[in-house]
Amino acid sequence: SQTLVLFHESARPVTTQRIVIVGAESTGTTTLTSDLCDHFQSRGGDFATTAWVPEYGRDYTIRKLREAQAQRPHATMDDLVWSDDDFVAIAREQNFLEDHAAAVSGRIVLCDTDAFATALWQERYMGRSTPDVWSYAFAEPRALYILTTPDGVDFDADEIRDGESWREWMTNRFREELDQRTTPWVELDGVSRLRRRELAIDAIDRVLAS
């Protein structure tokens, strides 16, 4: 198991530190976000009200699929028609949810994806990402990105997931884009859920102490 840790001193401090967990489908972002939320809430004090921002794009996709199935009962993800406006709507609402959570959270807010990830999903579905979507990415400073990789994580198929073959491509795109940013980021495999959690907590504590 290997862990890549890149910290940049130029990362901007914020009052409520925004910790963002990103990754390809079925790489454990939601599980890790939940584990981290439980841990930090249990610390009490400034962490007692630690909030967790859900992935709006998943809810949006499910609703889009249900609307298609209302017209064609056997419709699947392959039948959905995506537009740039879909991704603008997802990015905008993701930011809204994040800002709301940050306003009521304690010292940190944990985000299960963000508008930056939405831009990469737009690239996946549309073949390119657009300035309208990127304008929502990094609207507020991030204290840390945590990238979950598919290593050690079984693919859990459901009705809205693309398929296991896309996980490595998405993971590489996250690496490429994060390498271009000044925000610190860590890459964690999923060989051990407990070890991933411990490494994530350590990375967050290091950011908070810097």
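The charged end of R43 sits over the ring of F47, 5.4 Å from its centre; a charge counts as over a ring if NZ of Lys or CZ of Arg is within 6 Å of the ring centre and within 35 degrees of the ring normal. K64 likewise lies over the face of W82, at 5.1 Å from the ring centre.

A word on the basis: this is a predicted model, where local features need pLDDT of at least 70 and side-chain atom pairs count only at pLDDT 80 or more, while totals for chains, interfaces and linings use all residues. Residues are numbered from 1 along each chain as its sequence is written, and side-chain values use heavy atoms, leaving out hydrogens and water.

Now to the aromatic pairs, of which there are 13. Rings of Phe, Tyr and Trp (its six-membered ring) pair if their centres lie within 6.5 Å; planes under 30 degrees apart are stacked, over 60 edge-to-face and the rest tilted. Here are two of them:

| Pair | Centre to centre | Angle between planes | Class |
|---|---|---|---|
| W82 and F87 | 5.4 Å | 35 degrees | tilted |
| W166 and W169 | 5.5 Å | 90 degrees | edge-to-face |

W82 and F87 are both buried, meaning under 20% relative accessible area, with exposed over 50% and partly exposed in between (1.4 Å probe, protein chains only). W166 is partly exposed at 30%, and W169 is partly exposed at 31%.

F174 belongs to one aromatic cluster with F116, W134, F138 and Y145. Leaving aside neighbours within four places in sequence, F174 is in contact (heavy atoms within 4.5 Å) with residues including V22, F116 and L147.
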